[in-house]
Amino acid sequence: MASVKLTKVKKVYDNKVVAVHDFDLDIKDKEFVVFVGPSGCGKSTTLRMIAGLEEISDGTVEIDGEVVNDLQPKDRNIAMVFQNYALYPRMTVFDNIAFSLRLQKVPEDVIYEKVTHAAEILGITDYLLRKPRALSGGQRQRVAIGRAMVRDSKVFLMDEPLSNLDAKLRNQMRAEIILLRQKLDTTFIYVTHDQTEAMTLGDRIVIMKDGYIQQVGTPTEVFDMPKNLFVGEFIGAPKMNVMRTELSRENGKFFVKPFGVKLEVDGAKGEALAAKHAPTGGVILGVRPEHIQLTTAGAPGAIPCTVEVNEMMGSELHLHVVTEDGTRLIVRTPTVDLDAAQRDALSNGSRLYVTFRGKVMHFFDPATEENLLN
Amino acid sequence: MAPTAFLQRGFHMKKYSDLEYLRLSKGQKFAYRLASFFGGIPQALLGLLLGIGRFFKKIGQGIGGEVADLVLTFKNGDWKTRISYLVMGFGSMARGQILRGLLFLLFEAVFIFYMIFAGGHWLSMLPSLGKIGPHEEYNPVLDAYTTVYGDNSFKILLYGVLTIFFIIALIFTWRVNIKQNKISEQILRSGKKLKSGKDDLRSLVDDQFHKTLLALPLTGILIFTVLPIVFMILVAFTNYDGTHDGYNNSLFSWVGLDNFRTMLSWSGSGVNYSATFGEILTWTLIWAFFATFTNYFLGMFVAMMINKKGIRLKKAWRTILVLTIAIPQFISLLYVSKMFAKNGIVNGILMDLGWIKTAIDFWGSTAHSGLLARVMVIVINIWIGIPYLMLIATGILMNIPQDLYESSRIDGANAWQQFSKITLPYMLFITGPYLLTSFTGNMNNFNVIYLLTGGAPTNAAASGAAGSVGFTDLLITWLFKITTGPDSQYYLASVVGILVFVVVAVISLIVYNVLPSIKNEEDFQ
Amino acid sequence: MNNQKRHMGLKASARISNTIIYVLLVVISVVWLIPFICIVLQSFRVENTWQVGYVIPQKWGWDNYIALWNSDFKRRYLNTFIIALVTAALQTVFVLCMSYTLSRFRFKLRAGLMRFMLILGMFPGMLTMIILYRVLKDLGLTQANAVPGLILVYVASSAMGYYVSKGFFDTIPKSLDEAARVDGATRAQVLWKIILPLAKPIVIYTILTAFMGPWGDFVFARYVSFGTSSGMNVAVGMYNWLNLDQIGQRYTMFCAGGVVVAIPVTILFMCLQRYYVEGVTGGAVKG
């Protein structure tokens with residue numbers, strides 16, 4: 001159990017490519033932090049620098065107040081779970097989990113206790129004498145986690161641990177990681193490219209792109225207040241709808257006019273814009289699919305559009321609609337309140353009206369793509 | 001079209017965009033790609049030259065940087081560091097790193113000891129390669145003139161080179177020693193502790209483990225490959241041969257570029273080395289080409305036959321072929337060579353059958369530049385080479401994704417189209433580097449030629465320049481013949497060896513730079 | 001007609017092509033085996049020690065093998081066996097050290113080292129024989145002491161042949177090393193406990209090729225033994241038997257010797273063929 005502090009950490013490869021720029025982050029004891037971003041954003045590199053598998057080009061990494069830059073991985077008291085499990089093929093499950101303890105010369109009966117205990121938690125007791133190749137993907141991942149568990153290490157590192165699993169298993173393992181975390185009660189650093197994993201697992205999320213941190217915050221913070229357009233689009237599925245429009249101000253009230261329909265930025269968003277003295281003019285407007293509502297013709301702020309594709313997801317519909325000026329929007333609407341006739345009215349090619357409220361709008365500077373409310 | 005216009009078009013080759021290229025006819029496409037390939041060669045060579053230039057520039061800059069760092073370290077360093085410029089390892093010892101310091105000091109002591117008692121002598125003799133040769137001297141005890149041996153050119157050259165190696169090693173170690181001081185000062189200044197001798201030893205099995213692993217293999221390569229190669233390159237600039245063996249009969253000495261001039265000038269007085277060299281080089285290239293590609297395609301063919309669905313006893317067929325790999329070549333090749341001898345089994349059987357009246361002289365016929373022998377070595381080489389290729393091709397063929405074949409069958413491809421559009425490109429792509437090494441390996445394929453023919457039949461026109469030369473002689477067997485010939489013209493053998501290196505290097509570089517399929521090694525990881 | 005052809009069963013056309021292939025394979029097998037059959041048959045020929053124009057001996061017997069037993073062949077065979085054994089052991093260590101290092105460590109001079117070895121490999125090795133011979137002579141490792149001398153030369157530079165082995169190590173996921181290092185293993189422990197148990201195929205391949213090499217070397221071995229019978233290996237001795245002045249008496253003995261040399265190597269090879277195939281294939285693919 002320990003805090004991890006990264007100060008101006010930088011990674012430059014031999015070919016002068018900079019993978020991570022001045023990475024600053026304070027991870028508190030027992031915190032679960034998720035690094036998330038598209039591939040090549042430097043998230044794994046950062047994790048591997050914390051683990052000691054990658055040399056730190058500049059800056060310092062501290063674990064529990066001690067600078068570990070020059071320590072070998074084995075001396076950092078960390079545990080790590082790898083994307084492809086990295087189980088030792090010639091060892092049984094038991095030996096895999098016991099490997100680190102044996103290197104520490106822990107007595108065999110203690111090893112037995114620890115390994116069987118971990119196996120029980122993970123539900124792999126029946127497989128202890130099998131070789132990794134005789135296990136399914138999910139079971140292998142459990143062994144990998146078990147191997148990390150028995151070490152009682154200060155920090156638990158996970159590098160895309162679920163990305164080799166199929167969707168169903170991934171959901172299940174995700175839940176198990178949450179349980180595991182409650183049991184272990186230690187510091188977790190978790191790397192993923194999947195925003196759902198990030199949102200569901202992390203106390204805090206670090207969103208990265210091209211080696212730079214884009215935003216650090218709780219899941220709610222990054223969802224409600226994306227610092228820039230990239231974060232706004234990256235977090236949430238389906239992706240946030242983005243449109244270029246004009247922000248205008250009349251009588252102290254802010255208005256936007258997407259697709260020729262004038263909408264008032266009402267509620268707290270409007271007040272916040274006013275408080276920030278937001279400049280009027282061109283703006284990038286972002287609205288999440290789940291925040292667009294269906295409405296009727298003639299209702300205030302009704303935007304006419306045509307359904308292009310209707311995706312029935314079961315609990316909800318994803319409507320890909322085209323507005324009159326040709327912009328494509330995605331609308332997410334729950335199916336629970338729709339009867340059969342209403343659903344038919346949303347079939348491909350039919351016309352409908354949508355609208356959204358001011359409080360769900362996100363405004364980004366068209367030049368810097370930063371959130372206007374930063 | 002006027003020829004000049006054509007030439008201009010040739011030199012400023014039009015670069016087509018992707019869409020333009022697609023509109024070209026089949027022939028145009030081929031011509032375009034051919035032109036791009038050959039157009040790429042000058043660029044590749046230019047790139048190589050620039051690369052060499054960059055390399056030297058980098059070295060120059062590196063040395064400049066090192067010198068500047070040395071001066072700075074001295075200026076900014078404390079007295080422990082400064083003394084280390086003279087007494088290696090002093091700084092380390094003074095700062096408590098006894099083990100490191102002692103090793104540095106030991107190395108310096110050994111070096112000084114060596115230089116005083118041996119190295120200095122060898123080094124001073126190196127420019128002359130010895131002053132006093134063997135000579136007759138009056139021996140008062142025997143009351144007769146006896147031969148007294150003087151300097152030994154061979155040893156002077158060998159140990160001179162070794163001494164230079166040693167000096168380079170010392171400079172390097174000295175530099176490391178000073179760098180160590182600088183780093184230690186920095187560490188101490190930042191308030192941290194230095195590594196102890198125990199830490200140093202521990203790191204040799206951990207973060208410095210590669211040094212431990214490489215120590216022995218690299219020492220071996222340095223002494224048993226690098227040193228001999230440097231020595232033999234230097235021999236090319238001397239007159240070392242059987243009559244100047246450096247000790248017993250006469251010293252040898254530096255002759256500058258004379259040997260290269262002899263070998264490469266077309267108007268040699270008396271014997272014409274360059275013609276002989278050219279002739280052997282041509283045959284070497286022809287041989288390497290046929291030896292490589294006959295094996296490649298026939299081996300692939302055999303592998304495809306064995307691997308075809310529905311063919312049984314796959315393992316048995318393979319095992320029969322692989323026998324030729326298991327049995328040492330000197331047995332199989334020598335035996336086959338004798339089978340085809342004038343009084344050998346093949347002739348015996350053919351005559352018994354009545355197919356021929358007189359024995360065929362497979363290895364002796366000089367008709368058409370020894371064509372018969374040349375064809376025979378290529379054919380017998382197929383016998384030796386197919387099994388390897390069969391194994392390699394089998395491995396690769398099994399890796400070709402089956403769905404490629406399935407989808408091509410649905411698209412209506414026949415067996416030949418499947419081979420030419422799927423199998424062959426895949427094989428060529430994967431085995432590109434192998435083909436190159438196999439080509440250069442065949443250029444130096446001593447065993448097959450030496451064991452089968454020993455170079456025969458004799459090429460009377462080319463012989464005489466440096467012993468007898470045969471029509472099937474490769475450069476490498478010629479080189480061997482020169483060294484074992486009556487005069488043991490080692491200097492000439494060295495020149496040939498260097499030229500072989502140049503030919504191999506140029507071919508390799510061109511292929512590496514022009515072929516797109518040769519991939520970066522990291523791509524495989 | 002056309003339609004008929006279209007409907008000619010897949011089976012029928014496969015049967016025709018398979019028959020052709022079987023015929024070809026039988027022909028190839030015969031061609032490949034003939035020299036070996038001949039050598040075995042001639043090793044049992046008693047009536048004449050010369051080479052003759054027929055295959056089947058007129059009189060059979062063990063004479064050639066007995067002559068072999070009574071000659072220096074025994075000693076040479078033992079020499080070669082010792083050389084092969086020791087070389088196989090040491091060369092494997094050298095090659096594995098080099099290839100594992102180049103596969104797993106990223107140190108400053110790595111790329112330069114690999115390029116340097118590539119360039120060194122372009123020099124014809126034949127060239128260095130003279131000097132290596134002289135060095136061995138200075139060390140007193142020639143003629144009667146040729147066995148340790150030959151071992152030294154075979155082993156010393158063997159790490160240059162690291163390519164196949166490195167290609168194999170490259171296929172073992174690096175995350176295994178990393179996991180073990182995080183688990184608390186030193187680099188040496190990673191190699192010993194994790195990688196080596198996985199490297200069995202390449203270890204066997206390296207041992208096998210290293211063991212087979214010395215049986216066939218006669219050029220350098222001839223230099224080093226330099227006419228001293230007790231320092232020769234089988235290849236040198238047998239090569240001499242086919243010289244013009246000896247071939248009359250020794251030809252069938254050569255055949256018998258060939259059989260005796262080939263049998264153990266072939267048996268070993270056949271037993272370990274699987275690993276050899278893996279190595280050769282992997283090596284070519286990795287380049």
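This report describes the fold, the domain arrangement and selected helices of chain A in a predicted model.

## Overall architecture

Chain A contains ten helices together with 20 strands. Along the principal axes, the C-alpha trace of the chain extends over about 80 × 50 × 35 Å.

Of the 374 residues in chain A, 39% are buried. When contacts between residues at least 6 apart in sequence are considered, 66% of them join residues at least 24 apart.

## Domain arrangement

Two domains are assigned in chain A: domain 1 covers residues 4–233, and domain 2 covers residues 240–364. Taken over C-alpha atoms, the centres of domain 1 and domain 2 of chain A are separated by 39 Å.

The contact between the domains of chain A involves five residues of domain 1 and six residues of domain 2. On the domain 1 side, the residues touching domain 2 comprise two nonpolar, two polar and one charged.

Helix 1 of chain A spans residues 43–51, and nine of its nine residues are buried, so the helix is largely enclosed by the rest of the structure. The buried residues of helix 1 are K43(A), S44(A), T45(A), T46(A), L47(A), R48(A), M49(A), I50(A) and A51(A).

Just after helix 1 of chain A comes G52(A), whose phi is positive, at about 90°.

## Packing of helices 4 and 5

Two packed helices are described by the angle between their axes and by the distance between those axes. In chain A, helix 4 (residues 137–149) packs with helix 5 (residues 167–184) at an angle of about 15°, and the two axes lie 11 Å apart. Because angles under 35 degrees count as roughly parallel, helix 4 of chain A is roughly parallel to helix 5 of chain A. The crossing of helix 4 past helix 5 in chain A is right-handed.

Helix 4 of chain A contributes G137(A), G138(A), Q141(A), I145(A) and M149(A) to the contact, while helix 5 of chain A contributes L169(A), M173(A), L180(A) and L184(A). Classified by residue type, the contact of helix 4 with helix 5 in chain A has six nonpolar and three polar residues, with no charged residues. An α-helix has 3.6 residues a turn, so residues three or four places apart point the same way. Residues of helix 4 of chain A in this contact include Q141(A), I145(A) and M149(A).

Note on methods:
Residues are numbered from 1 along each chain as its sequence is written. Chains are lettered from A and ligands numbered from 1 in the order in which they are written. This is a predicted model: local features need pLDDT of at least 70, side-chain atom pairs count only at pLDDT 80 or more; totals for chains, interfaces and linings use all residues. Domain bounds come from an automatic or database domain assignment. Two residues are in contact if their C-beta atoms, placed from the backbone, lie within 7 Å. Ala, Val, Leu, Ile, Met, Phe, Trp, Tyr, Cys and Pro count as nonpolar, Asp, Glu, Lys and Arg as charged, and the others, Gly among them, as polar. Helices (H or I, at least four residues) and strands (E, at least two) are DSSP runs, numbered from the N terminus. A residue is buried if 20 or more other C-beta atoms lie within 10 Å of its own, exposed if 12 or fewer, and partly exposed in between; C-beta atoms are placed from the backbone. Axes are lines fitted to C-alpha atoms, for helices over the stretch in contact, and angles run from 0 to 180 degrees between N-to-C directions. Angles under 35 degrees count as roughly parallel, over 145 as roughly antiparallel, 65 to 115 as roughly perpendicular and the rest as oblique. A crossing is left-handed if the near helix is turned anticlockwise from the far one by less than a right angle, and right-handed if clockwise.
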